[in-house]
Amino acid sequence: MEQSTITDRMEEIRTRLGGILAKLGVEACLHERRDGFEVFFQNSEQKLFSPVWIWFARHERRDTREASWADAQLVHDRYKKRMLGDTGYWNQRKVDEDSYPISLRGSEMFEWIRNKLRSAGTLSAGTEDSTRVHSDLLADIYWSIRTQIPDLGITYVDHEDYPGEKQMGFEALTFLDRECRRTHITHRPNSYAIYLLVDGERLAQFGNDNATKLARYAVRMSKRHLDDAKLGLR
């Protein structure tokens with residue numbers, strides 16, 4: 001029975017798949033989890049990645065570093081890139097995945113994996129692209145109200161406690177209400193809170209499960225001036 005560690009598997013992958021990885025401009029990387037090992041492929045700057053990766057399941061009572069091809073699967077994450085109207089901004093997210101048991105062995109197995117990598121190509125992580133909206137929630141709000149707020153745009157808002165530190169700031173939707181007040185809907189990816197700002201002042205905080213409610217408020221604010229009480233914010 002095959003008795004190899006994840007270190008052996010990584011060396012094998014780097015050796016046998018080195019040619020296609022070099023052509024794609026990525027390298028094999030390892031992420032260890034309690035239930036197994038993810039072998040994924042990205043470049044050293046983490047700007048480019050393959051949507052194809054390999055999963056080695058870890059079983060109870062096994063050596064914690066053991067990794068067998070018999071317990072492996074090849075996973076192809078499916079991503080969708082979509083432009084946010086004519087703003088010049090875009091959003092990309094994982095929408096599905098295909099998982100394949102690895103039944104072949106030896107040269108046939110690596111040729112099969114090689115073909116999967118070649119066919120899938122690479123995607124941009126967009127980590128340094130200022131036109132990518134990383135917040136899926138903010139993108140969804142944009143798409144839900146864009147036809148109702150003609151001047152709806154996208155921008156970036158500094159955190160009041162960390163001005164100039166982009167990693168601490170917020171992506172934002174912005175528009176003018178009927179009183180010409182500059183309004184922002186701000187969100188940071190993976191955060192629960194969405195903030196509503198008016199002329200730079202935080203008017204309200206919503207949970208991400210209330211995004212639909214916030215979107216309705218935004219549309220109402222764009223049509224006419226509503227004070228806090230009429231918005232139900234106090």
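A residue is called exposed when its relative accessible area is over 50%, and buried when that area is under 20%. By this cut-off Cys180, with a relative accessible area of 59%, is exposed. The model is a predicted one, and the values that follow are computed from it.

Taken as a whole, the protein contains 6 helices and 12 strands, and buried residues make up 44% of its 234 residues.

Two helix pairs can be considered in turn. Two packed helices are described by the angle between their axes and the distance between the axes. For helix α4 (residues 136–145) and helix α5 (residues 211–223), the angle is about 45° and the axes are 10 Å apart. Angles from 65 to 115 degrees count as roughly perpendicular and those under 35 as roughly parallel, and α4 and α5 are therefore oblique to each other. The crossing in which α4 passes α5 is right-handed. On the side of α4, the contact is made by Leu137, Ile141, Ser144 and Ile145, while α5 contributes Ala211, Ala215, Ala218 and Val219. Sorted by class, this contact of α4 with α5 comprises 7 nonpolar residues, 1 polar residue and no charged residues.

The buried residues of α4 are Leu137, Leu138, Ala139, Ile141, Tyr142, Trp143 and Ile145.

The other pair is made up of helix α1 (residues 6–16) and helix α3 (residues 106–120), whose axes come within 11 Å and cross at roughly 70°. These two helices, α1 and α3, are therefore roughly perpendicular to each other, and α1 passes α3 in a right-handed crossing. Their contact is formed by Glu12, Ile13 and Arg16 of α1 together with Gly106, Ser107, Phe110 and Arg114 of α3. By class, the contact of α1 with α3 has 2 nonpolar, 2 polar and 3 charged residues.

The next topic is the nonpolar interior. In soluble globular proteins, nonpolar side chains tend to be buried together. In this model the largest nonpolar core has 27 residues, and within it Ile145, Leu173 and Ile185 touch the most other members. At least two residues of this core come from each of α4, β9 (170–176), β11 (193–198), β12 (201–207) and α5. Leaving out residues up to four places away in sequence, Ile145 touches Leu152, Ala215, Ala218 and Val219. There is also a second, separate core of 25 residues, which includes Ile6, Leu21, Phe41 and Val52.

Ala218, one of the residues touched by Ile145, is found in helix α5. With 0% relative accessibility, Ala218 counts as buried. Setting aside residues up to four places away in sequence, Ala218 touches Ile145, Ile149, Phe175 and Ile185. Ala218 and Asp177 are 41 residues apart in sequence, yet their C-alpha atoms are 8.6 Å apart in space.

Which residues surround Phe56, once its neighbours within four places in sequence are left aside? Phe56 lies in strand β4 (residues 52–57) and is buried, with a relative accessible area of 0%. The residues in contact with Phe56 are Ile6, Arg9, Ile13, Asp35, Gly36, Phe37, Val39, Ala67, Ser68, Trp69, Asp71 and Ala72. One of these, Ser68, is 12 residues from Phe56 along the chain, and the C-alpha atoms of the two are separated by 6.8 Å.

Finally, the backbone deserves a look in two loops. Most residues other than glycine have a negative phi, and most peptide bonds are trans. Cys180, in the loop between β9 and β10 (182–187), has a positive phi near 60° although it is a residue other than glycine. Asn190, in the loop between β10 and β11, likewise has a positive phi, near 70°. At 85% relative accessibility, Asn190 counts as exposed, and Cys180, with a relative accessible area of 59%, is exposed as well.

Technical notes:
Residues are numbered from 1 along each chain as its sequence is written. This is a predicted model: local features need pLDDT of at least 70, side-chain atom pairs count only at pLDDT 80 or more; totals for chains, interfaces and linings use all residues. Side-chain values use heavy atoms; hydrogens and water are left out. Axes are lines fitted to C-alpha atoms, for helices over the stretch in contact, and angles run from 0 to 180 degrees between N-to-C directions. Helices (H or I, at least four residues) and strands (E, at least two) are DSSP runs, numbered from the N terminus. Angles under 35 degrees count as roughly parallel, over 145 as roughly antiparallel, 65 to 115 as roughly perpendicular and the rest as oblique. A crossing is left-handed if the near helix is turned anticlockwise from the far one by less than a right angle, and right-handed if clockwise. Contact means heavy atoms within 4.5 Å. Ala, Val, Leu, Ile, Met, Phe, Trp, Tyr, Cys and Pro count as nonpolar, Asp, Glu, Lys and Arg as charged, and the others, Gly among them, as polar. A nonpolar core is a set of buried Ala, Val, Leu, Ile, Met, Phe, Trp, Tyr and Cys residues joined through side-chain atoms within 4.5 Å. Buried means under 20% relative accessible area, exposed over 50%, partly exposed in between (1.4 Å probe, protein chains only).
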